[in-house]
Amino acid sequence: MKAQTENKLEKAISSSETTLISHDHARIMQRATYAAVSVAAMLVVIKFGAYLVTGSVAMLSALIDSALDVAASLINLFAVRTALTPADQEHRFGHGKAEPLAGLGQAAFITGSALFLAVESIRLLWVPQPVENGALGIGVMVVSIMLTLALVYYQRGVIRKTGSLAISADSLHYTGDVLVNLGVIAAIGLSSLGGWTLADPLFALGIAAYILWTAWQIIFRSLDQLMDRELPEEKRAQIAQLALSHPEVLDFHDLRTRAAGQTIFIQFHLGVDGQLSLHQAHRIGKEVEAKVLNIFPQAEIIIHQDPIDKDKKDSLGQH
């Protein structure tokens with residue numbers, strides 16, 4: 001019975017099972033990157049045509065945003081492929097930090113587009129120009145919103161399954177694109193149909209500010225991973241609770257956590273009865289590891305067992 005229990009624990013934390021999970025996540029994430037590039041490329045084509053017809057600076061802002069989406073999503077595609085590359089002799093902790101690096105690259109593209117759009121909007125505030133063929137422009141933006149919403153819905157499903165920072169960053173700025181497109185519709189409507197020519201550059205300026213805010217969100221999230229920020233407190237508390245729920249664990253301390261792409265690194269010390277054999281202490285560590293991996297399947301866990309004088313601890317507890 002004891003041997004069967006240990007075999008089950010070894011199977012639960014075996015590298016082969018972790019590899020299967022990683023392959024599943026890899027396939028899902030790569031499909032998401034291909035979908036993002038495809039949608040962004042389609043949006044560039046239709047928005048470019050709409051800009052030529054309408055001459056709207058708000059439409060230009062949407063076109064620039066989509067063009068940069070193509071570049072950012074291409075960066076994402078290669079970054080995700082790199083991040084999912086297995087660990088090798090030169091990168092023993094894997095390549096997961098390619099994801100936050102891609103996030104910084106995306107933020108740079110997004111910031112550049114926001115600044116360019118702001119300059120163009122300010123220029124047209126002084127020399128406003130009417131928008132032509134407003135109905136066609138609005139129709140193009142409605143199609144853009146539908147395509148973008150479909151992509152965001154798909155990406156959020158991928159994020160729920162994988163927790164990918166790169167896909168999350170991609171989804172964040174595509175979510176912003178929905179608001180950008182709504183702003184363009186309002187700007188074109190007020191300018192071409194309502195006769196308010198200042199609406200076009202004013203809405204474009206507001207869109208630029210929103211894009212810049214989105215870029216800062218991506219930057220902060222990427223820096224958290226690059227600087228090895230601890231996992232959120234609720235997850236750390238969950239790890240401690242899982243470890244202390246083992247009946248033979250007497251103490252838990254020195255928890256350290258960090259994330260690199262898909263992989264979470266968890267280290268902690270367990271206090272066990274000092275009278276136990278090395279084999280028994282190892283068994284306890286494996287059982288705790290299996291508990292943690294059940295909740296965090298993509299984690300790499302290092303556990304150090306500390307010997308504790310159980311009789312002395314019990315005596316102190318009674319006092």
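**Entry 1: Gln238 and helix H8**

I looked up Gln238 and found it in helix H8; helices here are DSSP runs of H or I with at least four residues, strands are runs of E with at least two, and both are numbered from the N terminus. I note that this is a predicted model, in which local features need pLDDT of at least 70 and side-chain atom pairs count only at pLDDT 80 or more, while totals for chains, interfaces and linings use all residues. Residues are numbered from 1 along each chain as its sequence is written, and side-chain values use heavy atoms, with hydrogens and water left out.

The classes are buried for under 20% relative accessible area, exposed for over 50%, and partly exposed in between, with a 1.4 Å probe and protein chains only.

I then listed the contacts of Gln238, a contact being heavy atoms within 4.5 Å. With neighbours within four places in sequence set aside, Gln238 is in contact with Ile295 and Phe296. Gln238 and Ile295 are 57 residues apart in sequence, yet their C-alpha atoms are 9.1 Å apart in space.

**Entry 2: H8 against H9**

I next examined how H8 and H9 pack. Their axes are 9 Å apart and the angle is about 145 degrees. Axes are lines fitted to C-alpha atoms, for helices over the stretch in contact, and angles run from 0 to 180 degrees between N-to-C directions.

I recorded the crossing of H8 and H9 as right-handed. A crossing is left-handed if the near helix is turned anticlockwise from the far one by less than a right angle, and right-handed if clockwise.

Which residues meet? From H8 I noted Gln238, Leu242 and Ala243, and from H9 Val288, Lys291, Val292 and Ile295.

**Entry 3: the nonpolar cores**

I looked up the largest nonpolar core, which has 23 residues. Such a core is a set of buried Ala, Val, Leu, Ile, Met, Phe, Trp, Tyr and Cys residues joined through side-chain atoms within 4.5 Å. The members that touch the most others are Ile239, Phe252, Ile266, Phe268, Leu270, Val288 and Ile301. At least two residues of this core come from each of helix H8 (233-244), strand S1 (251-260), strand S2 (263-273), helix H9 (278-295) and strand S3 (299-308). Another core lies apart from it and has 21 residues, among them Ala107, Ala118, Val184 and Ile211.

For Leu270 I listed contacts beyond four places in sequence: they include Ala243, Val249, Phe252, Val288 and Ile303.

Beyond four places in sequence, Phe265 touches Phe93, Arg256, Thr257, Arg258, Ala260 and Glu300. Phe265 and Ile301 are 36 residues apart along the chain, and their C-alpha atoms are separated by 6.1 Å.

I checked Asp254 for its backbone. Asp254 lies in strand S1, and its phi is near 55 degrees, a positive value in a residue other than glycine. Asp254 counts as partly exposed, at 48% relative accessibility.

I consulted the UniProt record, an unreviewed entry, which lists "transmembrane region" for residues 32-53, 59-80, 101-122, 134-154, 174-196 and 202-220. The positions are in the numbering used here, feature names are shortened, and annotations may be inferred rather than shown by experiment. In the model, residues 32-53 are 100% helix and 0% strand, with end C-alpha atoms 32 Å apart. Residues 202-220 are likewise 100% helix and 0% strand, with end C-alpha atoms 28 Å apart.

I found Leu151 in helix H5 (residues 134-162), buried with a relative accessible area of 3%. Leu151 touches Ala35, Ala36, Val39 and Tyr174, residues up to four places away in sequence not being counted.

I found Gln217 in helix H7 (residues 199-226), partly exposed with a relative accessible area of 27%. Gln217 and Ala169 are 48 residues apart in sequence and 8.6 Å apart from C-alpha to C-alpha.

**Entry 4: the chain overall**

I counted 10 helices and 3 strands, in the order α-α-α-α-α-α-α-α-β-β-α-β-α along the sequence. Of the 319 residues, 45% count as buried.
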